[in-house]
Amino acid sequence: MRNILITGGAGFIGANFVYYWLRENPEDHIVVLDALTYSGVKLSIEPLIQQEQLIFVHGDICDKTLIITLFEKHQIDTVVHFAAESHVDRSILTPDEFIRTNIQGTQTLLGTALESWRDNIEGKRFHHISTDEVYGDLGLHDPAFTEQHPYAPRSPYAASKAASDMMVRVYNHTYGLPVSISNCSNNYGPYQFPEKLIPLMLINILMGKPLPVYGDGSHIRDWLYVEDHCRAIGAILESGRTGETYNIGGDNQIQNLELVQELCRLIDMSFDADDALASRFPDCPYVHGNASESLIRFVKDRPGHDRRYAINTKKISTELSFHPHVDFSSGLGLTLDWYLNNETWWQTLMSGELNDWFKTQYGQTNK
Ligand code: NAD
Ligand code: TYD
């Protein structure tokens, strides 16, 4: 039985991981620590907060006194560290919070884990969740990122994650802290905050809003269904070697424009198959005889926009036998179904801070 501290468990991947982990390991105890920033949604894990295996703590990973108390009180033996500022566009506008949370916050957790575990390091693990963006970008024909690829971050977000990865490595190398790191490609699935590409586009299509494609839409990402990411983290916690980094990806590269067109087609087909959708989402263009693709708008490109990410998954697949279970087309279908069935979840986020963000981005709210 483990006592696990999960940071950022009210965010997109953290929430999915909490559900995944408790389903697979119902005997474990989990402490979720989350500052509930704009992207932290307590509602996402509300049903689990009622269960006695899970304690929710509203707090900041930079608060050392709080972290020490949590380690002592709950006898934490495992940390799975998701908490971060995670949106590239926001990091370009306001980098400060990325430095504080992603670098200082990670260091606070590492320092506390070391002090708390120093006398009995056996069976302990600090797993740090990171991103493929630390490696920089790739040309169209470059080989995919391996774990040996040099770090070359190109946005404040990527630089802050790269710095945090380095601190995690240092705590292993210099102090012997039992760490592991995973660098994953773009995730999608339930509970993703609708500022990121896939949920933003799905919701905008349903609401009949413009679909802002940056530049010419030819940028390439590698997409992984979030539950597969959770399974990969589980495999690393179970059998991954300490001190090691594992790349995680979906072997699924696609251009942004192609992806947005696919989402449009998926929604048009759903409206064909289910008459009730037209009355629920009367502003969707398909209701008025127009393909959802008519909403696509090419907008000013993101400064320093990385052209392509791709992950070489050989290490995790050969060492830990990890392979994604959910192919892209099934994953997009599951994701659309989730957003259709959980309208209350995303409607509650569509006011306030999210609209302020759209106003900053596009000079108008997304209402
Ligand atoms: P998210 O923005 O949805 O969630 C981040 C969570 O961290 C939120 O619940 C937020 O409230 C919390 N948080 C932020 N600052 C905090 C602080 N100072 N103290 C405590 N909690 C704080 O992000 P996500 O997409 O779920 O990403 C989770 C992790 O996975 C991040 O470390 C990110 O770098 C990494 N990652 C994300 C992706 C992706 O595609 N989303 C891909 C690879 C890696
Ligand atoms: P995003 O979901 O922000 O993830 P990341 O920047 O971490 O890869 O963006 C995914 C891709 O989609 C990225 O190339 C930027 C692009 N994009 C758009 O074209 N329009 C949008 O409105 C957003 C949010 C992203």
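## Strands E4 and E5

Strand E4 (residues 78-81) and strand E5 (residues 125-131) run parallel and are joined by 4 bridges, strands being DSSP runs of E with at least two residues and helices runs of H or I with at least four, numbered from the N terminus. Val79 stands opposite Phe126 in E5.

This is a predicted model, in which local features need pLDDT of at least 70 and side-chain atom pairs pLDDT 80 or more, while totals for chains, interfaces and linings use all residues. Residues are numbered from 1 along each chain as its sequence is written, chains are lettered from A and ligands numbered from 1 in the order in which they are written, and side-chain values use heavy atoms, without hydrogens and water.

## The sheet

An open sheet of 7 strands has the order E3-E2-E1-E4-E5-E6-E10, with parallel pairing, where two strands pair if DSSP finds at least two bridges between them. Its edge strands, each pairing on one side only, are E3 (54-58) and E10 (244-248).

Helix H5 (residues 96-117) packs on the sheet, touching strand E1 (3-7), E4 and E5, and its direction makes about 165° with that of E5; contact means heavy atoms within 4.5 Å, and angles run from 0 to 180 degrees between N-to-C directions of axes fitted to C-alpha atoms, for helices over the stretch in contact.

## Helices H1 and H8

Helix H1 (residues 12-24) packs against helix H8 (residues 226-239) at an angle of about 60°, with their axes 9 Å apart. H1 is therefore oblique to H8, as angles under 35 degrees count as roughly parallel, over 145 as roughly antiparallel, 65 to 115 as roughly perpendicular and the rest as oblique.
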